[in-house]
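Please keep the model open while reading.

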Amino acid sequence: MEKKFVIVDNGHGVETKGKCSPDGRHREYQWCRKAARRLVEELKCKGIDAALLVPEEADVPLRERCRRASVLSEGRRAVLVSVHNNAAGDGSCWKKARGWSVFVAPNASESSRRLAALLFRRARSAGILGNRATPPCGYWTANLAICRDTPCPAVLTENMFQDNRADVDFLASEEGLSTIVNLHVEAVKEYFEV
């Protein structure tokens, strides 16, 4: 049996323009790296091997991230989870959209779609879906390179809105971080159990 392995892609790097709350207290790259490191640790505690795709602080081009994912997934029963924060605007003012969502690529495998559905169910149980309509399947489809060009099942999660005050407060809290990391861990565990 191939070894279970999770590749955790931690979103954008420090150089990515914007990607912060209107008041500057939340930075996507910082939060995503903290969440990704915690996710890797928690998965390992549950007996699932995991690694960061981008351990450096700098931006790493999508082509390189996809290449790394290809190398890391070779010979393993691997999945990739890309961790991000969402935004409804350009970061210049607070917006009303809030909540959690998950995406797959248009060419997503059935395994990618199954992982996305499991993540959605965990987020719904945690009560963090927010105020937007969700497709009946529970996940969105978008032409995202990290999902489209990765050779293993891949999903991208948008963990709350960085331009919504209530979401930023939630992201800044230990409860918020724990809730989001836990839903990822439990969905991945369930995915590998089937």
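## Basis of the values

The model is predicted, and local features need pLDDT of at least 70, side-chain atom pairs count only at pLDDT 80 or more, and totals for chains, interfaces and linings use all residues. Residues are numbered from 1 along each chain as its sequence is written, and side-chain values use heavy atoms, with hydrogens and water left out.

## Salt bridges

Side chains of opposite charge can pair when their charged atoms come close. With a salt bridge taken as a side-chain nitrogen of Lys or Arg within 4 Å of a carboxyl oxygen of Asp or Glu, the count comes to 11 salt bridges. Among them is the pair of Arg25 and Asp23, at 2.9 Å from N to O; Arg25 is partly exposed at a relative accessible area of 45%, and Asp23 is likewise partly exposed at 41%, where buried means under 20% relative accessible area, exposed over 50% and partly exposed in between (1.4 Å probe, protein chains only).

Arg148 and Asp149 form a salt bridge at 2.8 Å, N to O, with Arg148 partly exposed at 29% relative accessibility and Asp149 partly exposed at 40%. A network of salt bridges links Glu56, Glu64, Arg67 and Arg68.

Asp167 and Arg98 meet through their side chains in a salt bridge of 3.2 Å, N to O. This pair links distant parts of the chain, since Asp167 lies in helix α5 (residues 165–172) and Arg98 in the loop between β3 (77–86) and β4 (100–104), 69 residues apart; helices (H or I, at least four residues) and strands (E, at least two) are DSSP runs, numbered from the N terminus. Asp167 is buried, at 0% relative accessibility, whereas Arg98 is partly exposed, at 32%.

## Packing of α3 and α6

Two packed helices are described by the angle between their axes and the distance between the axes. Helix α3 (residues 110–126) packs with helix α6 (residues 174–193) at an angle of about 140 degrees, their axes being 9 Å apart; axes are lines fitted to C-alpha atoms, for helices over the stretch in contact, and angles run from 0 to 180 degrees between N-to-C directions. The two helices are therefore oblique to each other, given that angles under 35 degrees count as roughly parallel, over 145 as roughly antiparallel, 65 to 115 as roughly perpendicular and the rest as oblique.

In the contact (heavy atoms within 4.5 Å), residues of α3 including Arg114, Leu118 and Arg122 meet residues of α6 including Leu183, Glu186 and Tyr191.
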